Amino acid sequence: VPQDETKDRMMVEVHFYDPYQFALEENGSSYLWGSENASSDAHSGWGDEDWIDKAFGDVKTNFVDDGYPIILGEYGAILRTELGGAALEQHLESRNAYLNYVTASAVENGMVPVYWDNGYTGNNGFGLFNRSTGEVVHNDALQAIISAKE
């Protein structure tokens, strides 16, 4: 960590897209997340709740506990609308569980989470809002994020 030349001005920003196969890989087959889906072929095989707890706990230990404010400046999971049917329903449930868990764990570990909304609300997008109208497009994901603080 660089020397904080002006007292209490240093902040740290981290990004989080683990597991990559679920959260970020556009052409992947991993569309389910969470320990309850670990036995599925559509699961990445890693990066569930225990991984998030460890990763965010490490951030807390190495930065928050030393007095550095932390911004989780990007996190999210792409929307896989190409799935369709029951697979899409399972993905949406899993994605919302992921967004809720990551948000809650970030707050619990002293971070300020900022969801990555890239403006695109279709397949492989992160957008939650229509940027032209301000309309909420994916209310389920938005509520998963908001409800993490409850």
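Visitor: How many bridges join S1 to S2, and how do the two strands run?
Guide: The model is predicted. In S2, Ile70 is the bridge partner of Val12, and Glu74 is the bridge partner of His15. S1 and S2 run parallel, and the bridges that join them number five.

Visitor: Which residues of S1 point to the buried face?
Guide: The side chains alternate along S1.

Visitor: What is the strand order of the open sheet, and which strands stand at its edges?
Guide: The open sheet has three strands with parallel pairing, in the order S1-S2-S3. Two of these have a single partner strand each, so one side of each is left without a neighbour in the sheet. From one strand to the next the twist averages 30°. The edge strands are S1 and S3.

Visitor: What is the handedness of the crossover from S2 to S3?
Guide: Three bridges join S2 to S3, and Ile71 has Val112 in S3 as its bridge partner. Between these parallel strands the chain passes through H3, which makes a β-α-β crossover. The crossover is right-handed.

Visitor: Why does the end-to-end distance of H3 agree with its number of residues?
Guide: H3 has 24 residues, and at 1.5 Å a residue the helix should span 34 Å. The computed distance agrees with this, because the end C-alpha atoms of H3 are 35 Å apart.

Visitor: Which elements do the buried residues of H3 pack against?
Guide: Buried residues of H3 include Leu88, His91, Tyr98, Leu99 and Val102. After the helix comes Gly110, with a positive phi near 85°. The buried residues of H3 pack against S1, H1, H2, S2, S3 and H4.

Visitor: Which residues touch the most other members of the largest nonpolar core?
Guide: This core has 27 residues. S1, H1, H2, S2, H3 and H4 each supply at least two of its residues. Those that touch the most other members are Phe16, Phe56, Leu72 and Tyr98.

Visitor: Which residues does Leu72 touch, leaving out those up to four places away in sequence?
Guide: In S2, five of the six residues are buried. Leu72 is one of the residues that touch the most other core members. Its contacts, with that exclusion, are Val14, His15, Phe16, Phe56, Val102, Ala106, Met111, Val112, Pro113 and Val114.

How values were computed: Residues numbered from 1 in each chain as written. Predicted model: local features only at pLDDT ≥ 70, side-chain atom pairs only at ≥ 80, totals over all residues. Heavy atoms only, no water. Core = buried A, V, L, I, M, F, W, Y, C linked by side-chain atoms within 4.5 Å. Buried < 20%, exposed > 50% of the residue type's maximum accessible area, 1.4 Å probe, protein only. Helix = DSSP H or I, 4+ residues; strand = E, 2+ residues; numbered from the N terminus. Contact = heavy atoms within 4.5 Å. Expected span 1.5 Å × (residues − 1). Pairing = 2+ DSSP bridges. Axes fitted to C-alpha atoms, helices over the stretch in contact; angles between N-to-C directions. Right-handed = clockwise from strand over helix to strand, strands pointing away.
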